[in-house]
Amino acid sequence: MTETFTVTEETGRLDKVLGDHFSEYTRSQLNDWIKKDLVTVNGKTVKAKYSVKTGDEVEINPPAPVELDLIPEDIPLDIVYEDDDVIIVNKPQGMVVHPAAGHSNGTLVNALLHHSPLSTINGTFRPGIVHRIDKDTSGLLMVAKNDHAHQALQAQLKAKKNLREYYALVHGTINEQKGTINVPLGRSMSDRKKQAAVKDGRDAVTHFTVLKHFDGFTLVKAVLETGRTHQIRVHMAYIGHPVAGDPLYGPRKTLAGNGQYLHAKTLGLTQPSTGQELVFDTQLPGYFKDMLNKLTPLEDGLEFDVNNC
């Protein structure tokens, strides 16, 4: 599926700019497509070292993906809300959102296809998926049932009109009650599986509020202003407070579990057909509450009920 974008702030070598903008693709993939003339700038094929400028129109035409059998599967779903346009689902930790290499079944998309028709805008393997959360992040996700809804929800995300609040348990003691992390992110040059703070990366803004201090850890509410890949995980690690349990950005010595203690708790959107403002909230999942109850709370003057959150 052809993808285009206009260069606004990112400048420099074409292959680097593409890597920062299309984080779902590897640098080797993008370079291979440039060599095969599947990437154009202002309608012309160029080399990987071409220096893009503000205003350049970049278009990539990825080759057709290897066909996988996308089979609807009768997998239980925790559906928080559903109408003719939208499904709000509470994804469990450990579930992959959509099929990809190594995960052709057992994903959220496989389960959703068994439940309902989905939008087609994202192509064969990401039907209905407007935004993603990581495999080991739990919580709320909005899914489009038709193309009209998908386009409307995408526009809301682009305009930063959606409410996306996460609870994150992070290492260390954060002394500030509130803060904002405004650090651009892009693909790490040292590890292509990771994102990193990059001077000429894409804008990324996370607001956080401290909810409770524990011995060695802090529970925070993180609100996304933007939605970059691994944003909260990278931003919290950047300020010296990586998410507990995070195998990619956290320390080796961390809390036991099946991944990062990060939960997409609250989601707000505008219903695509009616214009109604909808807000959804979930309780923290059991694995998260159990860990909070094992930690030693500190006397910090903050009222927080672990069992009612």
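Analyst: A cavity, on a 1 Å grid over the protein atoms alone, is a set of points where a 1.4 Å probe fits but cannot get out, and its lining residues have an atom within 4 Å of a point. Grid points are joined across faces, edges and corners, and a volume is the space filled by probe spheres set on the points. This is a predicted model, in which local features need pLDDT of at least 70 and side-chain atom pairs count only at pLDDT 80 or more, while totals for chains, interfaces and linings use all residues. Residues are numbered from 1 along each chain as its sequence is written, and side-chain values use heavy atoms, with hydrogens and water left out.

User: How much space lies in the largest cavity?

Analyst: Rolling a probe the size of a water molecule over the atoms shows where empty space is left. The structure holds one cavity of 30 Å³ or more. The space in the largest cavity is about 40 Å³.

User: Which elements give two or more residues to the lining of the largest cavity?

Analyst: The lining of the largest cavity consists of H131, I133, L140, R164, E165, Y166, A264, T266 and L267. Helices (H or I, at least four residues) and strands (E, at least two) are DSSP runs, numbered from the N terminus. The elements that contribute two or more residues to this lining are β10 (163–171) and β16 (262–270).

User: How many residues of each class does the lining of the largest cavity have?

Analyst: In this classification Ala, Val, Leu, Ile, Met, Phe, Trp, Tyr, Cys and Pro count as nonpolar, Asp, Glu, Lys and Arg as charged, and the others, Gly among them, as polar. Sorted in this way, the lining of the largest cavity has five nonpolar, two polar and two charged residues.

User: Which residues of helix α5 are buried?

Analyst: A residue is called buried under 20% relative accessible area, exposed over 50%, and partly exposed in between, with a 1.4 Å probe and protein chains only. Helix α5, which spans residues 231–238, is mostly covered, since six of its eight residues are buried. Just after α5, G240 takes a positive phi of about 85 degrees. The buried residues of α5 are Q231, I232, R233, V234, H235 and M236.

User: Which residues are linked with R233 in a network of salt bridges?

Analyst: Side chains of opposite charge can pair when their charged atoms come close. A salt bridge is counted when a side-chain nitrogen of Lys or Arg lies within 4 Å of a carboxyl oxygen of Asp or Glu, and the structure holds ten of them. In the network that includes R233, the other members are D134 and D246.

User: How many residues apart are D281 and K265, the pair that links distant parts of the chain?

Analyst: D281 and K265 form a salt bridge in which the closest N and O atoms are 2.9 Å apart. K265 counts as buried because its relative accessibility is 5%, whereas D281, at 46%, counts as partly exposed. D281 belongs to strand β17 (residues 277–281) and K265 to strand β16, which places them 16 residues apart.

User: What is the phi of K160, a residue that is not a glycine?

Analyst: The side chain of K160 meets that of E225 in a salt bridge, at 3.9 Å from N to O. This pair links distant parts of the chain, with K160 in the loop between α4 (147–158) and β10 and E225 in the loop between β15 (217–224) and α5, 65 residues apart. K160 is partly exposed because its relative accessible area is 47%. Although K160 is not a glycine, its phi is positive, at about 60 degrees.

User: Which residue stands opposite K44 in β4?

Analyst: Strand β3 (residues 39–41) pairs with β4 in the antiparallel sense over two bridges. Opposite K44 in β4 stands V41.

Technical notes
1 Å grid on protein atoms, 1.4 Å probe; cavity = no way out; pocket = protein on both sides within 12 Å on 5 of 7 lines; lining within 4 Å. Pairing = 2+ DSSP bridges.
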